[in-house]
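The following explanation leads the reader through a structure, from single elements to whole chains and the contact between them. Please keep the sequence and the coordinates at hand while reading.

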Amino acid sequence: MVSFFSNLINGLSLGSIYAIIAIGYTMVYGIAKMLNFAHGDIIMIGAYIAFSVITSLGLPTGLGILAAILGCMVLGICIEKIAYRPLRGAGSSLAVLITAIGVSYFLQNTALLIFGSNPKMFTPIIPFKYMTVKIGEFSFQTISAISIVVGIILVILLQTFINRTKWGQGMLACAQDRGAASLMGISVNGTISLTFAIGSAMAGIAGVLLCSAYPTLSPYTGAMPGIKAFVAAVFGGIGSIPGAMVGGLLLGVIEILSKSYISSQLSDAIVFAVLIVVLLVKPTGLMGKKIQEKV
Amino acid sequence: MKNSRGTMTKVSRDNLGTIIMLAVVFAAVSAARAAGLVNSHIDGLLVPICVYAIMAVSLNLVVGILGELSIGHAGFMCIGAFASAFFSKLTAESMGAFPRFLIAILIGGAVAGFFGFLIGIPVLRLNGDYLAIVTLAFGEIIKNLINVFYVGRDSRGLHFSIEGQMALGLEPDGEMIINGAQGITGTPFDSTFTVGFILLMISVIVVLNLTNSREGRAIMSIRDNRIAAGSVGIPVTRYKMLAFTISAVIAGFAGALYAHNLASLIATPARFGYNMSILFLVFVVLGGIGSTRGAIIAAVVLTLIPELLRFLSNYRMLIYSIILIVMMIVNWNPTSRAWIRRHITGRFRRGTGAGEEG
């Protein structure tokens, strides 16, 4: 029973990281209507920025996290401006998808050139003596608890931002109907930049959390979590922020539980099989809106 | 389209052009090889280029002609590769090279087609991005399952397991055929450029014929408007299945060709993961969605670029990614498209209504 609870905590912790990444995916999809396949690589860049600031420059941890968040934010805005904006209005979502893949290759190879292919040991953001928490016979890693708390705080902040502020309302309007939103005086370009900024900042946070929990860092670190988070976003219903949160948490728990109880090699297959079953029963994901087809 | 007068339609002239182009390229490359003008790097790339071109043709059928996004196509290639390599390994001593390879290719296609059909049943009920993510999921599942699959042979026959090598209980002189994450080693090297070219030609002819048939027009009508197609009585699911299965069979052929060109066949993410599926999608989109010829050209060019950029050593993949982004933007940005239409393609289309889309 004790081991089940620590597995559950590990699953929730991994799930919160997936959720934070998935929220970025889902926001960009909801507002810019594109699958940003480079999102996973922004995570990796965020982790490298934090690594450089904390380990190479020897500056305090907080500064490293801040640099990762800001760096990713700027990176996200630049990527959108340079690579995706020229293709808006091209009328092909596939063209943007392929460009996103190009950006993903670009980020991976830039990291490869700067940092080399050897994995780096990431210094966890928590000092060693506070690594594990013990309550009775029940113990878990501090970083797990931090991931879960950070995940919950970010979702609450984001929901408040979207529902309570003018910018957030602008994002909702753009998600519904871009043309009508621009007629109402909302700057569509500005809103999409803002979305990329927020999504990428969250990817930066996810990068730091991910590499603190699993402390090896290579140019390909972001690829698999990126795909998993994409799956989580679809799981919960792509475009929905609470859906991404639920999808991410479920995905993390399923992954860790199947790793520890069924087969560590088959855990990915199980995660994907559950996704297929969910989509067959509920074709727009757990919390996705049912889209009425109009003829 | 004035077939009644006995002249060729524009479509069939176009298709003939594609086939002639391929034949000319094949003849030129063969001649250059015979004259010793092809360096060993490029020579080693000829079979992979055929494999990628066949995959581009196969994926173009799903993405360009059926209009559904598939990002798990490497999975079908993986099935074809393992099924055919398994057969070749099994009959390595008992059959001659030619009939063995022929049957291996057919088996690769058949097994991949069977899985395409099975996977198609649930997948094709979905639409759009959801369909795409499910194909991605299937691709990853296939790769994952093959990595835990063990098959061995001894005097008592074949043994299967998903537990590990030990669980097979092989006799001491037994032989491993599929060794889980180590895959299949020692597949005979049967793939040649000629075989690759013949397979490519067959897939091109099949796809082009399909597009110009009654079934093909039905499939394209589903792409253009699924609801309208359904409402005029086209059985949407059946035609979707048809296109998806044919595409899987062709991918299986490519897999067989790929497997018989490798010393050890391992289902690694780099070979059969979603990265590979996405690479095939890049071929299709860059070649012009729906154009078989374009997909083949894109596959050849994008496979050669990293090789031609070899002198840039470490920077080549970086340059490659920049080329990819720039090509996409130039090709698809509304302003640059209008410019290209006005200044470049317009000159070749004079008199056939150039600029009418403008």
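**A guided reading of the two chains**

In this predicted model, helix 11 of chain B is followed by B:Gly288, whose phi is positive, near 95 degrees. The helix itself comprises 13 residues, 274-286.

How much of helix 11 of chain B is buried? Twelve of its 13 residues are, and the helix is therefore largely enclosed by the rest of the structure. Among these buried residues are the aromatic B:Tyr274, B:Phe280 and B:Phe283. The list also includes B:Met276, B:Ser277, B:Ile278 and B:Leu279, and it runs on to B:Val284, B:Val285 and B:Leu286.

B:Leu66 belongs to helix 2, which covers residues 40-66. B:Leu66 counts as buried because it has 23 C-beta neighbours inside 10 Å, where 20 or more are required. When neighbours within four places in sequence are left aside, its contacts are B:Leu61, B:Ile219, B:Ile222, B:Arg223, B:Lys240 and B:Ala243. B:Arg125 lies 59 residues from B:Leu66 in sequence, and the C-alpha atoms of the two are 14 Å apart in space.

Chain B also contains a sheet. Three of its strands form an open sheet in the order 2-1-3, with antiparallel pairing. Strand 2 (157-161) and strand 3 (175-179) stand at the edges; each has a single partner strand, so one side of each is left without a neighbour in the sheet. Neighbouring strands are turned by 20 degrees against each other on average, direction ignored. Strand 1 of chain B, residues 150-154, is joined to strand 2 by five bridges, and the two run antiparallel. Within this part of the chain, B:Asp154 stands opposite B:Gly157 of strand 2.

These elements can now be placed in chain B as a whole, which has 14 helices and five strands. Its radius of gyration is 22 Å, close to the 21 Å that the globule rule gives for 358 residues, so chain B is as compact as a globular protein of that length. The C-alpha trace spans about 75 × 55 × 45 Å along its principal axes. Of the 358 residues in chain B, 42% are buried. Among contacts between residues at least 6 apart in sequence, 74% join residues at least 24 apart.

Where do the two chains touch? In total, 36 residues of chain A are in contact with 34 residues of chain B. On the side of chain A, the elements that give two or more residues are helix 4 (93-115), helix 9 (223-236) and helix 11 (267-281). Helix 4 of chain A gives the most, with twelve residues. By residue class, this side of chain A divides into 27 nonpolar, seven polar and two charged residues.

Notes:
Residues are numbered from 1 along each chain as its sequence is written. Chains are lettered from A and ligands numbered from 1 in the order in which they are written. This is a predicted model: local features need pLDDT of at least 70, side-chain atom pairs count only at pLDDT 80 or more; totals for chains, interfaces and linings use all residues. Helices (H or I, at least four residues) and strands (E, at least two) are DSSP runs, numbered from the N terminus. The radius of gyration is taken over C-alpha atoms; the globule rule is 2.2 Å times the number of residues to the power 0.38. Two residues are in contact if their C-beta atoms, placed from the backbone, lie within 7 Å. Ala, Val, Leu, Ile, Met, Phe, Trp, Tyr, Cys and Pro count as nonpolar, Asp, Glu, Lys and Arg as charged, and the others, Gly among them, as polar. Two strands pair if DSSP finds at least two bridges between them. Axes are lines fitted to C-alpha atoms, for helices over the stretch in contact, and angles run from 0 to 180 degrees between N-to-C directions. The expected span of a helix is 1.5 Å times one less than its number of residues.
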